[in-house]
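Try each task on the structure before reading its solution.

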Amino acid sequence: GKPEWIEIETTPSSIPVSAIIKQKSLESDSLYNKMDHFLLTESLKPVYDRAFKIAKTDVTTLIFGASGTGKEHLAKFIHQNSIRKNQIFIPVNCSAMNDQLLESRLFGYKKGAFTGAEKDTKGIFEEANKGTVFLDEIGDISTYMQQSLLRVLQEKEIQPIGGKPALIDVRIISATNKDIRKLCEEGKFRWDLFYRLMVADLELPLLLERGKKEIEELINFFLQEKQILFNREQSILLTKEAKDFLTSYSFPGNVRELENIIETIYVFCDDKATLDDIPKRLKETTQQGSLKWMDVEKNHIIKVLELKGGNQRQACLTLGYKSINTLKKKIKDYDINI
């Protein structure tokens, strides 16, 4: 039921007016090609179906999604299913460089163009000619770089620093975790560049939005993947408490954070992981954002104790408990160490 090219091969048969037909699936053009080491869950299938259609058109694409949702993987999928699949794919993190560095990396420079330019150097756009450039965190580039990038999209032309303009043939896929439309309204991002980048758009959901079922599927998937990575004879088992905690966790770092947690478990556990093996920082984050009364009370007791320098009697008066024994019991029950 998925889009797929089919090649039909025929060979002569000993029977007159007949043929032997062989169906061969062209895996290079299949919707799910090169998806090894990646779990395509139910909520992602519509996104990747749309991405497959986009891949066949060679248009610029803007991917929306928070950090860790898989924007670069989606960009690679588009490239690998496009007519440029046999050419180079180069990812660039725009937020990691200032204007001067980003300009020199993207467009290249000529010898002597600036201090330290000791030889002619190709930029990423020239290196990726006929291929694809993935510009991650495009919402972080300056207005100066926005103008330079707009020229690339409009004229299909680059100008190395200190050099002459040159034509290029590059597909541009960009991504952002910001609301670019709002940035445009605030005058921080060019509307004309926004429309050039977003001929086609895709949006990746937060891991929290994908539901507990998919989180559990990903947990099991990563447990098996990391078994191979860490060369273990068998996969680590999670206790019910540990798995329940992970499926209820908010995952601000999304899929990348979940994968890192499973790797941490493999580093410190042998064959089984309990709730105690879950990194402490996750539990603290969960409690701080929790609406459960026990978590709220525990956090408030900790704050008051810190405010009173650990003096339980003063903390008891501030909290309004009738007896210091009440406070001591809660400190014990909540395992508070101050």
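**Exercise 1. Sort the side chains of strand S10 by direction.**

Step 1. Arg171, Ile173 and Ala175 point one way from S10. Ile172, Ser174 and Thr176 point the other way.
Step 2. Check burial: the residues on both sides are all buried. Keep in mind that this is a predicted model.
Step 3. Draw the conclusion. Since 6 of the 6 residues of S10 are buried, the strand is largely enclosed by the rest of the structure.

**Exercise 2. Which residues does Ser174 contact, leaving aside its neighbours within four places in sequence?**

Step 1. Locate Ser174: this residue sits in strand S10.
Step 2. Ser174 has 0% relative accessibility, so it counts as buried; the cut-off for buried is under 20%.
Step 3. List the contacts. They are Thr61, Leu62, Ile63, Phe134, Leu135, Ile138 and Leu197.
Step 4. Pick out bridge partners. Ser174 is the partner in S10 of Leu62. Ser174 is also the partner of Leu135.

**Exercise 3. Follow strand S3 to its other neighbour, S11.**

Step 1. Count the bridges. S3 and S11 run parallel and are joined by 4 bridges.
Step 2. On the S10 side, Phe64 is partnered by Thr176.
Step 3. Sort the side chains of S3. Thr61 and Ile63 point one way, Leu62 and Phe64 the other, and all are buried.
Step 4. Find the helix that crosses here.

**Exercise 4. Is Glu203 buried or exposed?**

Step 1. Locate Glu203: its place is in strand S11.
Step 2. Apply the cut-off. Exposed means over 50%. Glu203 has 59% relative accessibility, so it counts as exposed.
Step 3. List its contacts. Not counting residues up to four places away in sequence, Glu203 touches Val47 and Phe64.
Step 4. Compare sequence and space. Glu203 and Asn177 are 26 residues apart in sequence, with their C-alpha atoms 10.0 Å apart.

**Exercise 5. How many residues does the largest nonpolar core have?**

Step 1. Give the count. The core has 31 residues, and Phe125, Ile138 and Phe189 have the most contacts inside it.
Step 2. Find the suppliers. Elements that each give at least two residues include strand S3 (61-64), strand S7 (132-136) and helix H5 (143-155). H5 gives the most, with 5 residues.
Step 3. Inspect Phe189. Beyond its neighbours within four places in sequence, its contacts include Ile138, Leu183, Phe194 and Leu197.
Step 4. Look for another core. A second, separate one of 24 residues includes Leu207, Phe245, Tyr249 and Ile261.

Note on methods:
Residues numbered from 1 in each chain as written. Predicted model: local features only at pLDDT ≥ 70, side-chain atom pairs only at ≥ 80, totals over all residues. Heavy atoms only, no water. Core = buried A, V, L, I, M, F, W, Y, C linked by side-chain atoms within 4.5 Å. Buried < 20%, exposed > 50% of the residue type's maximum accessible area, 1.4 Å probe, protein only. Contact = heavy atoms within 4.5 Å. Pairing = 2+ DSSP bridges.
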